[in-house]
Amino acid sequence: MSDVFSKVTAILLSSVLMFIVPVWVMTEENNRAIQTFVYTEIIDLTDRIRNTGCLTGSMYLNFLNSLEDTGSVYDIEIQHFLTEDDITVVNSTCHILETLKDDGVYRFRSGDVIKLKVKKQDGTLVGFYGGKIKDENY
């Protein structure tokens, strides 16, 4: 009986190692690839804003569509830091999106700072990026 139990245990262990472990490894690799893709999209949008000095509705919509293609739902936070008379003013996502809705474009000034943060809906941070506005659109 002990010999049969050992063989059954060996077969079950082999099944786990042959099928479940590779599926788990592939899932982890897929998750890393998605996170890398999202982080690349964050960098791309932020750098485009930094270089042009504006965020347009189409830029933001393309960003949302790219993130949607991953199959996950994300919370996006945009912060615009502007310095006026040595006072730092922060415009948050709501204000920026409201301006996009009304005007179709949200403008930054050269030297302002933008920060873009993306989290999964469960609160897991996917990535963040930011920097000073260069406004090299000439």
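**View 1. Gly131 sits in strand E6.** Strands here are DSSP runs of E with at least two residues, while helices are runs of H or I with at least four, and both are numbered from the N terminus. Gly131 is buried, at 17% relative accessibility; buried means under 20% relative accessible area, exposed over 50%, and partly exposed in between, with a 1.4 Å probe and protein chains only. Leaving aside residues up to four places away in sequence, Gly131 touches Arg50, Asp112, Val113 and Ile114, where contact means heavy atoms within 4.5 Å. Leu55 is 76 residues away from Gly131 in sequence, and their C-alpha atoms are 14 Å apart. This is a predicted model, so local features need pLDDT of at least 70 and side-chain atom pairs count only at pLDDT 80 or more, while totals for chains, interfaces and linings use all residues. Residues are numbered from 1 along each chain as its sequence is written, and side-chain values use heavy atoms, with hydrogens and water left out.

**View 2. Four strands make an open antiparallel sheet, in the order E3-E2-E5-E6.** Strands E3 (87-91) and E6 (125-132) are the edges: each has a single partner strand, so one side of each has no neighbour in the sheet. From one strand to the next, the twist averages 15 degrees; axes are lines fitted to C-alpha atoms, for helices over the stretch in contact, and angles run from 0 to 180 degrees between N-to-C directions. Strands count as paired if DSSP finds at least two bridges between them. E5 (residues 113-120) and E6 run antiparallel and are joined by 7 bridges. In this pairing, Val113 stands opposite Lys132 in E6.

**View 3. Helix H1 (residues 2-52) packs on the sheet.** H1 touches strands E2 (74-84), E5 and E6, and its direction makes about 20 degrees with that of E6. Helix H2 (residues 57-68) lies across E2 and E5, running at about 150 degrees to E2.

**View 4. Tyr106 and Phe108 form an edge-to-face pair.** The count is 1 aromatic pair, taking rings of Phe, Tyr and Trp (its six-membered ring) with centres within 6.5 Å, and calling planes under 30 degrees apart stacked, over 60 edge-to-face and the rest tilted. Here the ring centres are 5.0 Å apart and the planes stand at 75 degrees. Tyr106 is buried at 4% relative accessibility, and Phe108 is buried at 6%.

**View 5. Cys54 is buried, whereas Cys94 is exposed.** The relative accessible area is 13% for Cys54 and 65% for Cys94. With a disulfide taken as a pair of cysteine sulfur atoms within 2.5 Å, the count is 0 disulfides.
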